[in-house]
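Open the model in your viewer and keep the selection panel at hand.

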Amino acid sequence: MVAGLGNPGEEYANTRHNAGFKTVDELARRAGVSYWKNQLGAEVATTKVRDTEAEGGVREVLLVKPQSFMNTSGGPISKLCREYGIKPEEILVVHDELDIPEGDVRVKVGGGHAGHNGLRSIIDKLGSRDFSRIRTGIGEPPGRMPTADFVLKQLRGKDAEAFDDTVMRAADACELALAQGVIYARDHVNGAAANNGKH
């Protein structure tokens, strides 16, 4: 499962908090996926990735966008895991991350929620922290801007372009993790921002 975190509705579509939704949409676009269904409180699509160890050489991957709002993302994700027999370690969660510089993308295996309410909800509902994450850097709010305003602000112009570039890199990281495994992706993605002029 690749689960992108975000908030449903037009007013949130182009905000930093929706990095997960936008990344999953990009994965779907690259895979030519056009059919989404509403299932157990989420928009769900399926795609296939090449996997030499899987039966028939391909593995099915669920693309998931919980529609319950960020802070209760764990509900739909845990229900889908039960429905499809997916274990926590078979989940890749894509989310925005304030503690990472804007434009930087990092892969993490397991860990806590670091104050991210979407991750907190998933850990609570799964009863596990063993899922992997694609952390999409959005940086800290400027000046004294409240965090909520920063993550939920509609992006325009250069801000929107920069955010879209980050989403592309997050989708690349997801594809690498699906094809080669999260440890390989972590070793190849983390630190790459130093090479793209982001530090």
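**First stop: H2 and H6**

Select helix H2 (residues 19–31) together with H6: their axes come within 9 Å and cross at roughly 60°. This is a predicted model. The crossing of H2 and H6 is right-handed.

Now show side chains. On H2, pick Ala19, Lys22, Thr23, Glu26, Leu27 and Arg30. They meet Phe163, Asp164, Val167, Met168, Ala170, Ala171, Asp172, Cys174 and Glu175 of H6. Colour this contact of H2 with H6 by class: eight residues are nonpolar, one is polar and six are charged.

**Second stop: H6 and H7**

Which residues make the contact between H6 and H7? From H6, select Ala173, Leu176, Ala177 and Gln180. From H7, select Val182, Tyr184, Ala185, His188 and Val189. In this contact of H6 with H7, seven residues are nonpolar, two are polar and none is charged.

Hide the side chains and show the strands. The seven strands form an open sheet in the order E2-E3-E4-E1-E5-E7-E6, with mixed pairing. Strand E2 (37–39) and strand E6 (105–109) stand at the edges. Each has a single partner strand, so one side of each is left without a neighbour in the sheet. From one strand to the next, the twist averages 30°.

Zoom in on E3 and strand E4 (residues 58–66). They pair in the antiparallel sense over nine bridges. Select threonine 47; its bridge partner in E4 is valine 61.

Bring H6 back. H6 packs on the sheet and touches E1, E3, E4, strand E5 (92–97), E6 and strand E7 (132–137). The direction of H6 makes about 160° with that of E7. Then show H7, which lies across E5, E6 and E7 and runs at about 145° to E6.

**Last stop: confidence**

Colour by pLDDT. The protein averages 92, and 95% of the residues score at least 70.

Finish at residues 194–199, where pLDDT stays under 50. The model has ten contacts beyond four places in sequence for residues 194–199. Where pLDDT is low, the predicted coordinates should not be read in detail.

Methods
Residues numbered from 1 in each chain as written. Predicted model: local features only at pLDDT ≥ 70, side-chain atom pairs only at ≥ 80, totals over all residues. Heavy atoms only, no water. Contact = heavy atoms within 4.5 Å. Helix = DSSP H or I, 4+ residues; strand = E, 2+ residues; numbered from the N terminus. Nonpolar A, V, L, I, M, F, W, Y, C, P; charged D, E, K, R; others polar. pLDDT = per-residue confidence, 0-100. Pairing = 2+ DSSP bridges. Axes fitted to C-alpha atoms, helices over the stretch in contact; angles between N-to-C directions. Left-handed = near helix turned anticlockwise from the far one by under 90°.
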